[in-house]
Amino acid sequence: MAKWVRLLLGLALVMVLASPLFAKEQVVRVYNWSDYIDETVLDDFTRETGIKVVYDVYDSNEILETKLLTGKSGYDVVFPSGNFLSRQIKAGVFQKLDRAQLPNWKNLDPQIMKRVEGYDPGNLYGVVYMWGTTGIAYNDKLVKARMADAPVNSWSLVFDPAIIKTFADCGIFMLDAPDEMVPAVLNILGENPDSKDPKVLAKAEPVLMGVRPYVRKFHSSETINAIANGDICLAVMWSGDAGIAASRAEEAGKDFKVHFSIPKEGAQMWFDLMAIPKDAPNSQAAHAFINFLMRPEIIARASNVVTYANANAAAKPFMNKEIVDNPVVYPPPDVQAKLFVITPFDQASQRTLTRLWQKVKSGR
Amino acid sequence: MSGQPAQTPAPYVSPGPQTTAFEVLERTTSAFSFYGVLARFVQWLERSGRTLVIALPFLWLGLFFLAPFLIVLKLSFSETVLAVPPYAPLVAWLEENGLSYLTVRLNLSNYLLLFEDSLYVRAFLNSLRISAVATFLTLCVALPLANAMSRAPERWRALLLMMVILPFWTSFLIRVYAWIGILKPEGILNAVLIGLGVISEPLTILNTDIAVYIGIVYSYLPFMVLPIYASFEKMDPSLIEAAVDLGSPPIKAFWTITVRIALPGIIAGCLLVFIPAAGEFVIPDLLGGSETLMIGRTLWLEFFNNRDWPLASAVAIVLLAALTVPIVLFQRHQARRGGTDGAS
């Protein structure tokens, strides 16, 4: 008995003594959206700096926000969207970026950084990682087979019950994100898409209720695989996700193509920003990571994989021509003029929005 | 229990003059070394072991049930604010006219809202309905399964039991996710059925309530099978033989004898399935459709989308209160049974 007690104690002692040795290794803990980076970039970062990357993913701003508001999330770098970043800054979640540790700041496109000043005045807390639009992805073969002259460049494709019902049998997904779907509807109704007025928000309800019987699922991350496999033929989704789905379908040798359109009525433009929580365990490593991602040839590799536009003016020469020249990724000025942005919802309007969305999703 | 016959408790037998672990340790180490301290701890353990054995479960319950419950209860009376963490403290010092007051603010509006908006009541009733149907279906699968297992030859039983438990070795999430691959329109099930010529058009099962039922029955089956099997195994098979010899049809013998004897196991199994299924989030989220309204999802929306931790806590408290009722009823039933058993 004494023997094994001693053995166990010895083992425990070794483990206690050994743990500080492990702790000495530099680690940066990154929490990013799913399917949102070229993974080889992470390996290169570790090779160059010796800092290990722990990389976790989420598929909704809400999950990230809950972790941040709980405090002690343990993450060093996070990627909230602009409207969420704005609210989280007010809640005191982030630390100010130290520009001295971010020499690659000079590569950023000043015009895009100016656009996000509405969320983050003075660009004190966030660096734009990628930006994109929320539009419609479609399977060309399945859609054409059901309606030769389908209005693929209009929101009527998914918000007009008479049209969407034609495609109900081949499957339609919509984003499970009320702050994406409701503004899109308000926009085609001629209302201010950024309205927080409960009466205006309520106008979106009948439109969404009218089309919901034809929607197979409201989801934000399963959509890429679903449309790339041909399981569904229409989806309201994010521009870059549609790009990933298109390349996956092509790689798999599918007999159809996935296209994305920014509807002519206008669409939401959004930005995802890199930020550092106030209680980040390793703020220095976080700055190093962000600085690394602001290097033109590195962010270009990420954009090439995720097919989203970045905010790096110097990166374009390193990017695939199909992405730089793609009007869906970098919309021409006339399309850009019709894009709108959304500001954060306060507590009361957020409740109205969630309740409306719950009603839409449950159908009651 | 007053109905129970008086029983003299077994006298506590002290360990006596046998060699204790402490003595072994003391012989090899000095009292002030690391081992010495541990040895004294072991000695204390041996002396107060009885109290510890009783205290440990209470400590466990206090730490992992009562404390979290009180935190959630406290949260449910709070208010949301935009801060880290996103709720206002209940107790605060208020400075006024040079005096400080300890103020306690209880916000009851969260509970009121639960009954003002029909959403929560509907989500709750719907959860109970789905959970009840799923529990019944699980019972229908588990009864014959447990029966067959208990009647299998002795050497097979361990293997059969192993097969019931084995799925637990893989992640619950992955097992539920696998059902997406089976049930989806282009999935394995539809491919097989179309291949056999049973159906010509793929069945829409995924993202419906049926998929949720399948998910719950599959995931919770072992919780139903194990207690029922345990009751069956204890049963004397000659009871059935006697009934059949006396002219009872086997089905009737099964219902009147086997099921009756296994009733405690059946009730335990039903509770083990019903209670977690009512609060289930993963299965309806992955397999259910958008109209599958369950309280677990409602709670999620309050917590994540609305950032309203106090309201989410109020939902959790009401859910807990409502689910405690069947447990209490079951315990009453058990206590009554215990009483009659003791008297016979």
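In this predicted model, the contact between the chains takes 27 residues from chain A and 25 residues from chain B. On the side of chain A that touches chain B, at least two residues each are supplied by helix H1 (2-23), helix H3 (61-70), helix H4 (82-90), strand S6 (217-218) and helix H18 (347-362) of chain A. The largest share, seven residues, comes from H18(A), and by class this side of chain A has eight nonpolar, 10 polar and nine charged residues.

Elsewhere in chain A, helix H13 (residues 239-251) has 13 residues and reaches 19 Å from its first C-alpha to its last, close to the 18 Å expected at 1.5 Å a residue. Its buried residues, among them Ser239(A), Ile244(A) and Ala246(A), pack against strand S4 (127-139), helix H12 (223-229), strand S7 (234-238), strand S8 (258-261) and helix H15 (296-306) of chain A. Just after H13(A), Gly253(A) takes a positive phi of about 65°.

Asp35(A), which is not a glycine, has a positive phi of about 50° and lies in the loop between strand S1 (27-33) and helix H2 (39-49) of chain A; because it has 17 C-beta neighbours inside 10 Å, Asp35(A) counts as partly exposed. Thr307(A), also not a glycine, has a positive phi of about 55° and is placed in the loop between H15 and strand S10 (309-310) of chain A, but with 24 C-beta neighbours inside 10 Å, Thr307(A) counts as buried. In chain B, the peptide bond from Val84(B) to Pro85(B) is cis, with omega near -10°, and Pro85(B) is found in the loop between helix H3 (49-76) and strand S1 (91-96) of chain B.

Key: Residues numbered from 1 in each chain as written. Chains lettered and ligands numbered in written order. Predicted model: local features only at pLDDT ≥ 70, side-chain atom pairs only at ≥ 80, totals over all residues. Contact = placed C-beta atoms within 7 Å. Helix = DSSP H or I, 4+ residues; strand = E, 2+ residues; numbered from the N terminus. Nonpolar A, V, L, I, M, F, W, Y, C, P; charged D, E, K, R; others polar. Expected span 1.5 Å × (residues − 1). Buried ≥ 20, exposed ≤ 12 C-beta atoms within 10 Å, placed from the backbone.
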